[in-house]
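Let's walk through this structure together, one step at a time.

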Amino acid sequence: EAKASGGASHAFFEPRMMRGKRDQLELLQDLRRALSLKQLELYYQPKIHAPSGEITGAEALLRWNHPTRGMVSPGIFIPMAERYGLITQLGSWVIDEACRQAREWRDLGLRLKVAINLSAHQLRQPSLASEIADALNTHQINPDLITCEITETSAMEDVATTVRVLGQLDALGVHISIDDFGTGHSSLSYLRTLPADELKIDRSFVLDLETSEDARKVALAVVNLAKALDLKVVAEGVETEGQNRILRDMGCDQLQGYLFAKPMSAKAIALWAMEDEGPRAMAFRASVFKP
Ligand code: C2E
Ligand code: MG
Ligand code: MG
Ligand code: MG
């Protein structure tokens with residue numbers, strides 16, 4: 001049932017390719033202009049409903065198409081944006097763009113939910129909830145279409161703020177997901193108080209499922225914890241059939257990873273989601289590929 005990736009694979013400009021201070025400064029200058037030069041784009045990776053194999057939604061992942069370096073990995077520019085105060089601006093663009101995309105897909109008749117990644121810095125912005133409310137309102141979409149992903153580590157940075165802000169997001173009606181779960185040492189009593197809907201098992205545990213008894217134990221513990229707290233559980237980074245089978249047997253609700261698809265452009269994922277759907281897909285393909 002695994003489909004081939006719909007996205008072209010890009011050779012990323014990776015963290016290990018950074019050469020000293022000069023590179024850093026140059027890249028920072030370029031990043032300041034990237035938004036206005038329209039070099040940023042959201043890619044989308046399908047989230048698969050484990051029992052049915054259907055695509056239920058997609059995670060929005062930021063891409064920077066740099067004019068000379070090519071695609072720059074978010075592993076480089078997200079931390080840079082956080083450090084130099086650019087993340088608020090980038091984050092606001094992501095929120096608006098993801099909501100615009102959710103609306104466009106809805107208008108095409110696709111039922112695709114969209115997950116947005118939020119950084120710790122965004123959680124500390126008092127305007128976050130109203131910004132999300134504005135975007136929902138501008139694009140006239142149901143909050144049920146949007147999930148906010150917050151890493152376990154950033155959720156733990158300032159517990160009081162997290163509880164307050166997630167409460168505001170919950171009141172808006174958007175879903176809340178705790179990302180990279182298992183890497184951030186959260187206390188269980190505290191986790192219970194968060195209005196979260198979903199835990200995402202970190203890729204590092206998924207990676208070792210077939211070879212490490214410990215990784216299997218941790219993954220199963222996360223699944224059981226999620227069930228006990230009435231949360232959905234998603235596995236990220238699923239690359240092999242073996243991992244897929246183990247995670248399904250454990251009772252994971254959703255799966256994400258290269259086995260199903262790599263992150264891809266909005267158009268590519270719309271085509272992917274429409275596969276085998278007849279006339280509507282034909283019309284969309286015609287509109288996308290018109291000369
Ligand atoms: P994340 O939120 O945990 O996203 C999952 C990452 O794993 C993505 O990397 C995705 O491409 C990658 N991935 C998914 N499936 C597989 C797989 O099967 N194998 C492997 N090896 N990798 C897989 P990406 O796109 O490079 O993003 C890295 C991180 O950058 C994200 O981790 C997220 O923390 C951050 N990020 C990306 N976009 C945004 C954004 O718009 N805002 C913020 N604040 N952070 C973002
Ligand atoms: Mg994420
Ligand atoms: Mg993740
Ligand atoms: Mg991760």
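Start with Arg63, where a polar side-chain atom lies 2.8 Å from an oxygen atom of ligand 1. Keep in mind as you look that this is a predicted model. Glu59 also reaches ligand 1: one of its polar side-chain atoms is 2.9 Å from an oxygen atom of the ligand. Leu62 makes its approach through the backbone instead, with an N or O atom 3.0 Å from a nitrogen atom of ligand 1. How much of ligand 1 does the protein bury? On its own the ligand exposes 800 Å², and the protein buries 83% of that.

Now take in the surroundings. Ligand 1 sits in the largest pocket. The elements that each give two or more residues to the shell around it are strand 2 (55-66), helix 2 (74-83), strand 4 (113-118) and strand 6 (175-181). Strand 2 contributes the most, with 4 residues. There are 21 residues around ligand 1, and those that come nearest are Arg63, Asn117, Asp179, Glu239 and Tyr258. Sorted by class, the shell holds 9 nonpolar, 7 charged and 5 polar residues.

Next, turn to the metals, beginning with the magnesium ion called ligand 2. Which residues coordinate this ion? They are Glu59 (OE), Asn117 (OD1), Glu149 (OE) and Asp179 (OD), at 2.0 to 2.2 Å. Along the sequence, these donor residues follow the spacing E-x57-N-x31-E-x29-D. Distant parts of the chain are linked here, as Glu59 belongs to strand 2 and Asp179 to strand 6, 120 residues apart.

The last stop is the magnesium ion listed as ligand 4. Its coordinating residues are Asp180 (OD) and Glu236 (OE), at 2.3 to 2.6 Å. Asp180 coordinates the magnesium ion (ligand 3) as well, and the two ions, ligand 4 and ligand 3, are 2.8 Å apart. Why does the pair Asp180 and Glu236 tie together separate parts of the sequence? Asp180 is in strand 6, while Glu236 is in the loop between strand 8 (232-235) and helix 11 (241-250), so the pair joins parts that are 56 residues apart in sequence.

Definitions and conventions
Residues are numbered from 1 along each chain as its sequence is written. Chains are lettered from A and ligands numbered from 1 in the order in which they are written. This is a predicted model: local features need pLDDT of at least 70, side-chain atom pairs count only at pLDDT 80 or more; totals for chains, interfaces and linings use all residues. Side-chain values use heavy atoms; hydrogens and water are left out. A residue is near a molecule or strand if one of its heavy atoms lies within 4 Å of it. A polar contact is a pair of N or O atoms within 3.5 Å; within protein, one must be able to donate a hydrogen and the other to accept it, and residues adjacent in sequence count only if both atoms are side-chain atoms. Accessible areas come from the Shrake-Rupley method with a 1.4 Å probe; for residues, only the protein chains shown count as cover. On a 1 Å grid over the protein atoms alone, a cavity is a set of points where a 1.4 Å probe fits but cannot get out, and a pocket is an open set with protein on both sides within 12 Å along at least five of seven lines; lining residues have an atom within 4 Å of a point. A molecule sits in a cavity or pocket if more than half of its atoms lie within 2 Å of its grid points. Ala, Val, Leu, Ile, Met, Phe, Trp, Tyr, Cys and Pro count as nonpolar, Asp, Glu, Lys and Arg as charged, and the others, Gly among them, as polar. Donors are N, O and S atoms within 2.8 Å of the metal (3.2 Å for Na, K and Ca); water is not among the atoms, so sites may look incomplete.
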